Amino acid sequence: MLATLAFWAFSGVLIASAFMVVIARNPVRSVLFLILAFFSAAGLFVLLGAEFLAMLLIVVYVGAVAVLFLFVVMMLDVNFTELKQGFLSYLPLGAIVALILAGELVMIAMTWQTSPQAEALRAAATPEGMSNLEALGLILYNDYIYFFQTSGLVLLVAMIGAIVLTLRHKSGVKRQSVTAQVGRRREEAIEMLDIKPGQGIGE
Amino acid sequence: MTADMLSHDLSLLTPELMLAGGAMALLMLGVFLKGAGTPRLVHLLTIGLLVAAGFAALFLTGDDGQAFGGAFVLDALAKYSKVAITLAAAVALLLALPYLESEKLSKIEFPVLVALAVTGMVMMVSANDLISMYMAVELQSLALYVLAAFNRDSLRASEAGLKYFVLGALSSGLLLYGASLVYGFSGSTGFNEIAIAVAGEPSIGLIFGLVFVICGLAFKVSAAPFHMWTPDVYEGAPTPVTALFASAPKMAAIVLLARVLLEPFGGMIDQWRDVIWIIAVLSMGVGAFGALTQQNFKRLMAYSSIGNIGYALVAIAAASQTGIWALLVFMSLYMISVVGTFGAMLSMRTREGMVEQISDLAGLAQTNPGLGWSLTALMFSIGGLPFFVGFFGKFFVVFSAVQSDLLILAVLAVLFSVVSAAYYLRIIKVMWFDAPEVNFVQPAMSIYWVTRVAGWSTLLLLPALGWMVYRAFSVGLDVL
C-alpha cells in the first residue's frame, strides 16, 4: 500500500518536473527541475530494490552532471527565449514525429517476447539474503576485478594525457610559498635601526 | 575467489603488474624529484622496466593457463609476443631519448605513457574475453593518441594526434558494435564460450558481429581499406613515436586479430577467410602502389607498413599452426628492420635540424658509408630480397599460404612483393648513385648503435632463423 503510494508520488513528481524542464522560461529553473526529476527517478529505483543505481543517479547525475549544466547555463550567455521562438511553427511536424515514435514503441511492447528460460540464465542474479549493493560489490571486485582495474588504468592515461597536452607552466609568476612564509623568523624580517631626528633612513 | 586462486591468477599477470606498477611508481618519482636530470633518469629507468618485463614474461609467469575466469590467457603465442613487444618498445625508447632532448621535448610523461601503452599491448595479446580485449585496446590507443600529439606546439603533430584520435575512436566504436552483436548472439563475452556458440550453425548476427570486430581491429593494424590515417599520422608524429607506432602496437594488434579469428571464431573460418583474403590483397596493393610516389621517408614507411601488414594477414588467412608461426617470425623480423630504419631516419640531422625527404639521402654511401651500408641492408631486408632475413619472413608467410591451398593469395603476395621492391631499391639508388647534397651531423650513440645492430642483424640472424626453422619442424608447432 505504502509502496504503491510512493510509486505514484515519485512518478507523478518525475513526470511533472520533466515537463517543467521543457517549458520553464528561465534555464536555471529548467536545471533545478531536472535535479528534482533525477531525485524522483532515484526514488523509483529504490522502490525497485536497486539501491546502488539510485545512489549512483544522485551522485553522478545530480552531483556532477546537473551541476555542470548549471555552470554552463550561468556562464554562457545563451538567449533561450530566442532559441524557443520557432516552437509553434515546428509543433505540427514535431507532433507527427512524436506520434510515429510512440506508435513504434507500442508496437515493440506488444510483440516483446521473453524466453521462459531467460530468468534462470541471468548472468548475475542477486543471491538470496544479500542486498544488491553487496552482490554488485562481490561481482565487481571478484569476477570483474581485472576489467575494473584496467578501466582504472585507462582513466589514469586519460588524466596524464590531459595534463601533458594542456598544462603550461608560466615562468615569471610569483607564487605563494607557505613554508617560506611560515619559516620566516623575526631576525630576517625586522631590522632595528637607530634613526636620529631629522635624518631619515636614506643613505 | 580464494587467496590461492588469486595468487595463481596474479602470477600469470607478472609482466602486466610490473609494467602498470612500475609506470605509476616512475610517474611518482618524476613528479617528486625536481631537477634537470629527472626526465632522463625516468626515461632510462623505463627502458630498464620494459626489458625486465620482457624477461618476466619469459621466465616468471610459470605454466600456461587462464586467469580471472577466462578473461586472461597465457600461452606460447602470448608469451612470445610479450617479449617481442616489450623489447621493441624498449628500443623505440632508446631511439627517443636523444631526439627528445635535442628537440626540447624531454618530459617525464613520455616514457610513462609508453610504459602504459605497452601495458595495454601485453594485455591485448593475452585477451581472452571481449571486455578485456576492448579495455586493452583502449588502454594502448589512448596512450598512443597522446604520444602522437606529444609535440603540442607543432601544428603537424597536433593534427596527427587529433586525426589518430578521431579515427581511432571511430574504429573503437566499430569494434564495440561488433562485440555487442557477438555477445548478443553467442550469449557470452568469453572467448571460450563464444567458441562453443560458433561451433554450431553460425547465425547471421554472429557473422555481422565478426565482420565489425575485424573492421575495428583492421583499423588498429592499419590494413587497407582502413589505412587512411596511417601516412598522415606517421608523418606528423615525432619520429621516435612513429618508430614505436610502426613496431610494437602493430605486433600486439595483429596477434590479437589472429587470436580472435582462430580461437573463438575458428569454427567460422569459411566466413572470415574471404574477408581477410580481400583485406590482405588490398593492403599489399595499397602498400606497393601507394609508396611508389612518396617523397617523404616517413610517409614511405607508412605505406610500407600497410603493405607488410598485408603479408601478415596472408599468414592469418592460412589459419594453421604454420601460419601463426610464420606470422610471428615475419612480424619479429619486420620490427627489427623497422626500428633500424627509423634509427637511420633519426640520423638524418643536418646543422639546421631534422630532414626527412628521400632526396636528402642523396650520396649517403659516400658521405656516411656506415649508415649507408646499414640502411641498404635494412631496405633489402624489408623489401624481401634474398638472402636477407626479411626474405625468409616473407618466404614462410607464402609457404604457409601454399600449405593451406591459398594459391592465388600466395601468387599475389609474391607479385606485390616484386612491385614494392621498386621503392626500396629507389632509396638505395638515391643513396649510392646520386650526388651528395647535405651532410648529416654525427648521431647520438644509442641511435648509431641501434641502426648498426639492426643493419648487421639482417644477415647475422640467418643462423638463428635456421635454428628456429629446425626446431619448429623437428619438435612440431604448438603456438596456439
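Ala319(B) is buried, with 20 other C-beta atoms within 10 Å. Here, buried means that 20 or more other C-beta atoms lie within 10 Å of a residue's own, exposed means 12 or fewer, and partly exposed falls in between, with C-beta atoms placed from the backbone. What you're looking at is a predicted model: local features need pLDDT of at least 70, side-chain atom pairs count only at pLDDT 80 or more, and totals for chains, interfaces and linings use all residues. Residues are numbered from 1 along each chain as its sequence is written, while chains are lettered from A and ligands numbered from 1 in the order in which they are written.

- Ala319(B) is found in the loop between α14 (297–318) and α15 (321–346) of chain B; helices (H or I, at least four residues) and strands (E, at least two) are DSSP runs, numbered from the N terminus.
- Phi of Ala319(B) is near 50 degrees, a positive value in a residue other than glycine.
- Ser222(B) isn't a glycine either, yet has a positive phi of about 55 degrees.
- You'll find Ser222(B) in the loop between α9 and α10 of chain B, and Ser222(B) counts as buried because there are 27 C-beta neighbours inside 10 Å.
- Another cis peptide bond runs from Pro386(B) to Phe387(B), with omega near 0 degrees.
- Phe387(B) is placed in the loop between α17 (369–383) and α18 (389–403) of chain B.

**The overall look of chain A**

- Chain A is built with 10 helices and 0 strands.
- Its radius of gyration is 30 Å, well over the 17 Å that the globule rule gives for 203 residues, so chain A is more spread out than a compact globule.
- That radius is taken over C-alpha atoms, and the globule rule is 2.2 Å times the number of residues to the power 0.38.
- Along its principal axes, the C-alpha trace of chain A spans about 100 × 55 × 40 Å.
- Buried residues make up 9% of the 203 residues in chain A.
- Take the contacts in chain A with a separation of 6 or more: 49% of them come from residues 24 or more positions apart. Two residues are in contact if their C-beta atoms, placed from the backbone, lie within 7 Å.

- Ala42(A) belongs to helix α2 (residues 27–48) of chain A.
- Ala42(A) counts as buried because 23 C-beta neighbours are inside 10 Å.
- Leaving out residues up to four places away in sequence, Ala42(A) touches Ala54(A), Leu57(A) and Ile58(A).
- Ala42(A) and Arg186(A) are 144 residues apart in sequence and, C-alpha to C-alpha, 58 Å apart in space.

**Transmembrane annotations in chain A**

- UniProt (an unreviewed entry) places the feature "transmembrane region" at residues 6–24, 31–50, 56–76, 88–112 and 144–167 of chain A. UniProt positions are given in the numbering used here, feature names are shortened, and annotations may be inferred rather than shown by experiment.
- Residues 6–24 of chain A are 95% helix and 0% strand, with the end C-alpha atoms 26 Å apart.
- Residues 88–112 of chain A are 96% helix and 0% strand, and the end C-alpha atoms lie 36 Å apart.

**Where chain B meets chain A**

- 25 residues of chain B are in contact with 15 residues of chain A.
- On the chain B side, α5 (109–124) and α6 (130–148) are the elements that give two or more residues.
- α6(B) gives the most to that side, with 9 residues.
- By class, the side of chain B that touches chain A has 18 nonpolar, 3 polar and 4 charged residues. Ala, Val, Leu, Ile, Met, Phe, Trp, Tyr, Cys and Pro count as nonpolar, Asp, Glu, Lys and Arg as charged, and the others, Gly among them, as polar.

**How confident is the predictor?**

- The model scores ipTM 0.92 and pTM 0.87.
- Chain B has a mean pLDDT of 91, and 99% of its residues reach 70 or more; pLDDT is the predictor's confidence in each residue, from 0 to 100.
- Among the elements of chain B, α5(B) has the highest mean pLDDT (96) and helix α21 (residues 462–475) the lowest (81).
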